[in-house]
Amino acid sequence: MNQKKRKNVWQSLPVKAGFLAAGGVCGFAAGWYLMETGKGKSLSERLFILAFLILALYLSVLIQVVIHEAGHMAAGMLTGYRFCSFRIFSFMWIKEHGKLEFRRFSLAGTGGQCLMAPPDFKNGTIPVMLYNFGGPVMNAAAGMAATAFYFVCEKGSFPALAAQIFALTGFMFAALNGIPMHMGMVDNDGYNALSLSRSRKAQYGFWMQMKVNSLITDGVRLKDMPDEWFAVPSDEDMKNSMVAVQGVLAAGRLMDGMRFAGADQLMERLLKIDSGIVSLHRHLMICDRMYVELTGQNRQEVLEGMMTRDQVRLMKTMKNYLPILRTAYTYALLGQKDTAKAEQIRTLFEKNAAVYPYPAEAGSERELIALAENIYNKSCKNVINDI
């Protein structure tokens, strides 16, 4: 195991331990309640109690996700941010041309997301702490409210157990999002806040990320945004996860402009250096590098080297994400020469593109697919001419 992978394993341990601890506490409380209330009851009554426990836990998690994202939104609006989108799991409400539209979209490593347009800089800074901690604070507040409700309920009653489970999930959400740590594919709110507190460069990186997203929501493509936003930070500055996003966006802008040689060179550098680039962005950059290789030299040994176990797992997890589908389509068409498989992927791409929340990105991905098809058609003509 290499040093970077070993580091990621250690960083994920607090998250796993937190979920195990929370699950253990909820399981113990539910088991105790089931034994105490199940005495003298029939099998059907016990099954009903068990179903109630499972439903209470499921609804608690769902409601805490909503509360968490609503906390970010409320904190953002209080500090000058403007609403862009609000997502719970794959259900997304996005503001397009002044109207609220419903879309379906999911992102690995996130149960929800509230994205907002940032305020302008004042004296080189923007408000970031309340926005980032708004979610965990709301979860903790919900947990405390549920705890207070528990103490006024009749002990051993269904409302008391529901309040207990809701309080536990609230405190779990507050801890796992508020205590700085890496959360697998992405960093949590606490870690983002810690990164932002360290430098104004990090705050600029955060502002840029939010600003770019708000413009993409408005239909602006990366290649059409101001050049000065996409200066690549130094290797030392890239160690901060908020600053590192600037490098990722710079590579994405080169891909959007079809400047593949420069994009591949930059992505190769970014993937090699010790940086704060989160796992999700690393895997997506590898997808872009695969596309560049497929539409360029198309060396099978290079492609196989990129298709690591973790990369394959990510691509399966995000199989409906347009950049993943674009790469999978190109791999089937140019790498495997399997037109039937490519056509199936293309159909899936169009199905997901129809409900994709960012039409500008969908347009960019279609252009990359069209380029791959042109390369394939030319190669077929060359084969025919050789015959």
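Which residues in α12 meet which residues in α13? Keep that question in mind as you look through these views of a predicted model; the last legend answers it.

**View 1. The whole protein is built from 14 helices and six strands.**
Start here to get your bearings. The protein has 387 residues, and buried ones make up 48% of them. Now take the contacts between residues at least 6 apart in sequence: 65% of these join residues at least 24 apart.

**View 2. Strand β2 pairs with β1 and also with β3.**
Find β2 at residues 91-96. Strand β1, residues 82-88, runs antiparallel to β2, and four bridges join the two.

**View 3. Strand β2 has a covered face and an uncovered face.**
In a regular strand, side chains alternate between the two faces of the sheet.

**View 4. S60 sits in helix α2.**
This helix spans residues 43-78. Is S60 buried or exposed? Its relative accessibility is 4%, so S60 counts as buried, the cut-off being under 20%. Beyond its neighbours within four places in sequence, S60 touches I165, F166 and T169.

**View 5. Helices α12 and α13 cross at roughly 165°.**
Two packed helices are described by the angle and the distance between their axes. For α12 (residues 322-335) and α13 (residues 339-353), the axes come within 8 Å. These helices are therefore roughly antiparallel to each other, as angles over 145 degrees count that way. The crossing of α12 past α13 is left-handed.

Now for the opening question. From α12 come L322, L325, R326, A328, Y329, A332 and L333; they meet T339, K341, A342, I345, R346, L348, F349, N352 and A353 of α13. Sorted by class, this contact contains eleven nonpolar, two polar and three charged residues.

Methods: Residues numbered from 1 in each chain as written. Predicted model: local features only at pLDDT ≥ 70, side-chain atom pairs only at ≥ 80, totals over all residues. Heavy atoms only, no water. Buried < 20%, exposed > 50% of the residue type's maximum accessible area, 1.4 Å probe, protein only. Pairing = 2+ DSSP bridges. Contact = heavy atoms within 4.5 Å. Axes fitted to C-alpha atoms, helices over the stretch in contact; angles between N-to-C directions. Parallel < 35°, antiparallel > 145°, perpendicular 65-115°, else oblique. Left-handed = near helix turned anticlockwise from the far one by under 90°. Nonpolar A, V, L, I, M, F, W, Y, C, P; charged D, E, K, R; others polar.
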